[in-house]
Amino acid sequence: MNSLSLMETFAIVVEEGSFTAAAERLGLSKSFVSKQVTKLEQDLGTRLLYRTTRKISLSDEGARFYHHCQFIINEAVRARAEVMESQTSPRGKVRITIPQSLIISGISRLLFEFQRQYPDIELDVIASGRVENLVEEGIDIALRVGQLEDSSLISRRLTDCSFQLVASAEYIEKSGTPTEPKELLAHNCLIYGDSKINRNWPFRMPSGEQLTVKVSGNLNCNDGVLVVDAIRQGMGIGFGPDFLFKKYVDSGELQVLLADFAMPPSTISALYPQNRTLSRRVRALIDFLSDRLAV
């Protein structure tokens, strides 16, 4: 029995919690399963499991080794699936997480277009801007706006965006136009709670120095649609990526404020784990989005 088979047997014993249950799952005898785990322990020169008549438990080395076994077995399954998948058109499930601001911007239309092109690919879309552990949560791709913070992830740039300060003509007429960032302290600022920026709005001064203004207002919501609607209704000033406001700015419904103090453009990226071989279906989605969003 090769090393991968021994690791798989050990992992199943851990998952089932007993040699008897593991043997039933594998369709093997209990004694054979026990001998395979013992052989693995001998090969490694360490105890992986503590055995009693009632239960088994992991040693410290066993717990660490089980974690590695999970990763290696999953990669083996993925590698086999990718080879088999290469014989046909891409198919299967892609789990992707996208911040709500991107969904509001119309990226959903691109996802629909992708599915028309690849009807055998199932998309499992999670609308969230929070930072997930992609491996633990089984996520294939995360679309994110801004700087990559997790060095364990690979980032592929899809396009750029700028952050804008906007307000309606009604609000400006009622409350005036701020001429520098610090004046926002005297304005009603509407907070998009699902954004990493949240209340801390960044600006770049003419000197090149970066300034962060901690704003406040009477609305804080993690629903971007509601925040944008409040801005359009003249309730206050909003701050966010330009794609969130583009159609309203283009139509003249919203006005861009403090444009001379805007930060340099940010990046919209597709993130995925470093130690994961991309399946054809995942690579197809990343390539599709990169092509459609490229500027």
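Helix 5 (residues 100-117) lies across strand 3 (92-98), strand 4, strand 5 and strand 14 of the predicted model, running at about 175 degrees to strand 4. Helix 9 (residues 280-293) also packs on the sheet and touches strand 3, strand 4, strand 5, strand 6 and strand 14, its direction making about 25 degrees with that of strand 6. Contact here means heavy atoms within 4.5 Å, axes are lines fitted to C-alpha atoms, for helices over the stretch in contact, and angles run from 0 to 180 degrees between N-to-C directions. Helices (H or I, at least four residues) and strands (E, at least two) are DSSP runs, numbered from the N terminus. The model is a prediction in which local features need pLDDT of at least 70 and side-chain atom pairs count only at pLDDT 80 or more, while totals for chains, interfaces and linings use all residues. Residues are numbered from 1 along each chain as its sequence is written, and side-chain values use heavy atoms, with hydrogens and water left out.

The open sheet consists of five strands in the order 4-3-5-14-6, with mixed pairing, where two strands pair if DSSP finds at least two bridges between them. Its edges are strand 4 (121-127) and strand 6 (153-161), each of which pairs on one side only. Within the sheet, strand 5 (residues 141-145) is joined to strand 14 (residues 266-273) by four bridges in the antiparallel sense, and Arg144 stands opposite Ser269 of strand 14.

Strand 7 (residues 163-168) is largely enclosed by the rest of the structure, because six of its six residues are buried, that is, under 20% relative accessible area with a 1.4 Å probe, protein chains only. Strand 7 pairs in the antiparallel sense with strand 12 (residues 238-241) over four bridges, and runs antiparallel to strand 13 (residues 254-257), again with four bridges.

Methods: Buried means under 20% relative accessible area, exposed over 50%, partly exposed in between (1.4 Å probe, protein chains only).
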